[in-house]
Every structure is written in C-alpha cells, then in structure tokens.
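Q: Hi! I have a model open here and would like to walk through a few spots with you. Could you help me get oriented?

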Amino acid sequence: MGIDVHQHIWTAGFVDSLRGRAKPPFLDGWTLYLDGEAPYEVNPRDHDLDHRLAFNREHDLDLALVSLSSPLGIEHLPPEDAWPLIDAYHQGALELPASFRAWASTCVAEIDPSPTAKALDSGFAGLQLPATALRDAAGYARVAPLLDLLEDRDLPLFVHPGPAAACDDAPGWWPAVVPYVQQMHAAWYAFRAFGRPRHPRLRVCFALLAGLAPLHVERFIARGGSSRGTVDPDAFLETSSYGHQAIDAITRVVGIEVVVLGSDAPYASPPRTLLGEAADHTIAVTNPARLLDTKGAVPR
Amino acid sequence: MSWESLPERFLDKRELRALVEDLADRPDLWSHHIAFGETGEARHYASLHRDSFVDIWVICWRPEDDTGWHDHDVSSGAVRVIAGTLLESNPRIGGAHVETLVSEGESLAFGPEHIHRINGQAEHSVSIHAYSPPLWRLGQYSISEDGVMRRASVSYADELRQVDAEALV
C-alpha cells in the first residue's frame with residue numbers, strides 16, 4: 001500500500017523524441033549519447049511498462065510518481081530544444097496507467113511560467129526541477145515564478161539531480177556518488193537560506209535524502225546558522241539509493257515525519273530500512289500522502 | 001518560555017519538566033492539535049516542534065491506548081498532563097509492577113535509564129511530551145507469561161502503536 005515518489009520510465013513517445021535528435025542528448029537505438037560522457041547502453045526492459053508494473057506489485061507499491069531523467073540535461077537546453085522533449089515526456093506520463101502519477105518538468109534555460117501552469121493544471125502531482133538550477137540565491141530567484149505557481153496550487157516541488165559535469169576516466173558510479181550528492185547538498189542549504197524565506201508555504205521534496213545535507217546541521221549551528229536547526233516540516237527527504245544506515249542517521253537529525261519512500265527505479269529498488277513496521281508505514285504511506293496532499297494525509 | 005529561548009544544548013529531565021510545565025500554559029501552541037479519533041483508530045498525536053536539541057509532542061489518549069514497555073535510548077523526557085489522567089507503569093521483575101497515576105496539572109520526568117509504559121486512564125486525556133536529545137531509537141520490551149523480558153530496538157515511530165499482546169503482560 002505504499003507510494004514511491006521517485007521513478008523514471010521512458011515512454012515510447014519520449015524515446016522517439018530522443019531518437020529524433022542529432023545532438024546530445026539523443027538515442028541511437030538504445031544507445032544514449034550525452035555531452036561529455038561515454039555512450040551508455042540503455043536496457044529496454046528498464047522502461048517496459050509491464051515489467052515496471054510487476055516491479056511495483058512486487059514491492060507493494062500502489063502508486064508510483066515518475067519524473068523526467070534530469071541528468072540528461074533536457075531542462076537546461078534552449079527552449080526550442082527542451083520543449084519538444086518535455087512535451088513528449090508530459091504526454092507519455094499522463095497516459096500511464098492509474099497506478100502512476102507524474103512530476104511535471106519545465107525548461108530552466110528561459111523561465112516561462114505559462115506552459116508550466118498549463119501542465120500543472122492538466123493533472124501532474126507537482127513540478128520537478130533539477131538541483132543544478134537551485135544551487136544558490138540566484139537560482140531560487142530565477143525559478144521563483146515557477147515556485148509561486150506551486151504555492152498558488154498547493155502542489156509540491158521535487159528537486160532531482162541535474163546533469164553531472166564530465167569527469168574523465170570516472171567509473172560508472174561517480175555521477176551518482178559525487179556530483180549528484182554535491183548538487184543536492186547545495187540545493188538543500190540554498191532552499192533553507194533563500195527558497196524557504198520567499199516561499200513559506202511550499203512543500204518540497206529533495207531526492208536522495210538531499211545528499212545527506214541535513215546531517216551537517218551541527219556544523220550549520222556551529223557556524224552561525226539560525227534557529228537551533230529547527231526541522232522544516234514541509235521539506236521532505238526521499239530515500240533513493242540509500243538504505244538502513246543513511247535513513248537511520250537522517251531520522252536521528254530530522255525525525256521520521258519528513259522522510260518519504262523513493263526508489264529511483266529502474267536504477268535502484270525501495271530500501272530495507274530495518275526501522276520497523278511503524279517507520280516503514282510512515283515513510284511509505286503517511287508522509288508521501290502529506291507531501292502530495294492526497295486524501296487521508298495526517299495534518300501537522 | 002517556548003523552544004526559541006532554550007539553550008543550544010541537550011536538556012536534562014529537570015529542564016524538560018520545566019519546559020512542558022511552561023508549555024502547558026501556552027494553549028495557543030497546542031490546542032488546535034487536540035483531536036480524538038473514532039473508535040478503532042489509533043490515538044492521535046502531533047509534532048509541535050523538533051530541532052537539533054529537543055522534540056515536543058502533544059498526544060490525545062483513549063483508555064484503551066497503551067504504549068507497551070519501552071525505553072528512550074539516550075533521550076531524557078518529560079510528560080505534562082493537560083487533561084484527564086494517564087497511568088505510568090514501571091516493570092518490576094518478579095513482583096507487581098509500579099503504577100503511578102498522573103492527573104491533569106501533574107507531570108513526570110525521566111532520564112534515559114527509565115523503562116515505562118503509559119496508558120490512557122481517563123477518557124479524553126491529553127499530554128505534552130518533550131524529549132532531549134530528540135527521539136530516535138527506542139527499546140521496546142515484551143514480558144512473556146513466564147516472566148522473561150525481551151528487548152527489540154525500534155524507531156520512535158513504534159512508540160506510537162501497540163506491539164503484540166505479549167508486551168502488555
């Protein structure tokens with residue numbers, strides 16, 4: 001009976017859209033070409049709907065939220081390149097079965113709230129932005145019109161890693177363990193410093209436990225950070241690719257009320273938290289319901 | 001006093017008791033959280049505040065609500081009864097458990113060595129709880145029919161539900 005707030009699935013229309021491009025990001029068959037990275041062989045089964053439905057049943061997931069694969073860098077492309085891909089993603093996502101919902105995406109190279117307003121009003125659960133657009137005060141100031149749309153509609157923001165800088169000879173795990181974590185760390189503290197003051201009502205969810213940024217709260221307090229490290233009850237943390245140790249550490253710092261289940265399927269699976277049935281229920285059901293404001297959410 | 005004026009360090013049980021006593025006189029901070037579920041629902045609780053040094057809860061109890069035996073790992077705690085009466089019990093191996101009624105206006109405070117269990121005693125009981133360091137992991141105990149006590153390490157989310165019937169012995 002769980003909710004997974006973080007999955008990716010490339011629908012046929014989105015794959016066609018990537019195949020129709022001649023410059024990165026593009027697909028040649030199932031080989032993905034990105035700027036500055038070696039070609040990557042995509043496993044078609046990772047994006048097969050029946051396979052994903054079986055995966056979700058196996059993990060007791062009633063609802064999965066899918067999102068655009070922000071590390072492809074689509075949101076940072078010029079609008080004329082970004083929107084055909086985003087539109088293809090949006091269309092495919094809305095046509096998925098009822099056990100899926102989706103985060104909308106948008107172009108961050110030029111901020112235009114109107115297509116995002118239209119997308120949000122067509123049934124998306126909220127908006128995903130790449131952490132690479134949210135690293136600092138300037139980043140949050142640029143996207144403020146988009147975050148205003150979310151606040152007006154009482155919809156949440158999902159912050160996901162964006163494209164990683166190229167790194168020669170790096171092993172395959174490097175982007176997920178170094179650049180993505182650093183991006184999320186910056187986005188978390190930038191939200192605390194610049195995002196939350198301007199958007200007091202926004203519910204926001206940070207992927208991959210915000211790169212464990214909240215564990216630095218003692219340093220934050222020691223170096224003059226304000227308000228005793230008070231937990232922001234509307235800043236959620238999603239678990240993807242972490243397990244018992246990191247989730248346990250995070251709950252020690254921020255409590256369990258802001259931790260939500262995210263698998264990042266097809267790249268990882270839901271965690272075994274070893275925190276007990278009550279904690280698992282809180283992470284997989286109670287907290288996602290509050291993040292997404294679905295019926296039955298527990299008020300704080 | 002509220003949490004903003006607390007020192008930036010962990011609090012001991014005397015300080016936590018003073019905190020919950022003060023919060024009892026600030027219904028503006030907690031009265032909107034008071035709610036009692038229909039029959040069959042779990043007892044109602046709400047997080048009032050959590051920071052790096054303390055977390056504060058309001059809990060609404062029905063007579064059938066029972067935490068089971070538990071400790072609070074490294075946390076100290078304090079409980080102030082706002083309405084009604086709670087029953088606190090402490091396990092006594094081989095004898096009758098210690099039982100203490102805590103009524104409206106009264107409080108209890110404890111260190112991390114404390115093992116207890118709390119029941120709602122009166123209808124519509126309400127209490128304010130504060131813990132420092134903030135709750136993280138708990139020891140949850142069961143005592144079998146032949147008196148053997150066992151401990152399970154659980155997250156604090158488990159304090160808010162009953163475990164199996166064995167734990168209620």
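A: Happy to! One definition to start: helices (H or I, at least four residues) and strands (E, at least two) are DSSP runs, numbered from the N terminus. Also keep in mind that this is a predicted model.

Q: Good. Where does A:G276 lie, then?
A: A:G276 sits in the loop of chain A between β11 (259-260) and α11 (277-292).

Q: And is A:G276 buried, partly exposed or exposed?
A: A:G276 has a relative accessible area of 28%, so it is partly exposed.

Q: How far is A:G276 from A:A125?
A: Their C-alpha atoms are separated by 29 Å, and the two residues are 151 apart along the chain.

Q: Let's switch to A:T251. Which helix is that in?
A: A:T251 belongs to helix α10 of chain A, residues 244-254.

Q: Buried or exposed, that A:T251?
A: Buried: its relative accessible area is 3%, and the cut-off for buried is under 20%.

Q: What is A:T251 in contact with, leaving aside its neighbours within four places in sequence?
A: In chain A, A:T251 touches A:I256, A:V259 and A:L275, and in chain B it touches B:R50 and B:W136.

Q: Let's pick some. What does A:R153 form a salt bridge with?
A: With A:D121, where the closest N and O atoms are 2.8 Å apart. This pair links distant parts of the chain, 32 residues apart: A:R153 is in helix α6 (residues 144-153), while A:D121 is in the loop between α4 (113-120) and β7 (126-130).

Q: How exposed are A:R153 and A:D121?
A: A:R153 counts as partly exposed at 27% relative accessibility, whereas A:D121 counts as exposed at 55%.

Q: And what is the salt-bridge partner of A:R203?
A: That would be A:D154, with the closest N and O atoms 2.8 Å apart. A:R203 is in the loop between α8 (179-198) and β9 (204-206) and A:D154 is in the loop between α6 and β8 (157-160), so the bridge ties together parts that are 49 residues apart in sequence.

Q: Is A:R203 buried or exposed?
A: A:R203 counts as buried, at 8% relative accessibility.

Q: Over in chain B, what does B:D28 pair with?
A: B:D28 forms a salt bridge with B:R26, and the closest N and O atoms are 3.2 Å apart. B:D28 counts as partly exposed at 48% relative accessibility, and B:R26 is partly exposed too, at 28%.

Q: Back to the helices. How do α4(A) and α6(A) cross?
A: Their axes come within 9 Å and cross at roughly 30°. Angles under 35 degrees count as roughly parallel, so α4(A) is roughly parallel to α6(A).

Q: Is that crossing left-handed or right-handed?
A: The crossing of α4(A) and α6(A) is right-handed.

Q: Which residues meet there?
A: From α4(A) come A:P113, A:T116, A:A117 and A:L120, and they meet A:P145, A:L146, A:L149, A:L150 and A:R153 of α6(A). The residues of this contact divide into 7 nonpolar, 1 polar and 1 charged.

Technical notes
Residues numbered from 1 in each chain as written. Chains lettered and ligands numbered in written order. Predicted model: local features only at pLDDT ≥ 70, side-chain atom pairs only at ≥ 80, totals over all residues. Heavy atoms only, no water. Buried < 20%, exposed > 50% of the residue type's maximum accessible area, 1.4 Å probe, protein only. Contact = heavy atoms within 4.5 Å. Salt bridge = Lys/Arg side-chain N within 4 Å of Asp/Glu carboxyl O. Axes fitted to C-alpha atoms, helices over the stretch in contact; angles between N-to-C directions. Parallel < 35°, antiparallel > 145°, perpendicular 65-115°, else oblique. Left-handed = near helix turned anticlockwise from the far one by under 90°. Nonpolar A, V, L, I, M, F, W, Y, C, P; charged D, E, K, R; others polar.
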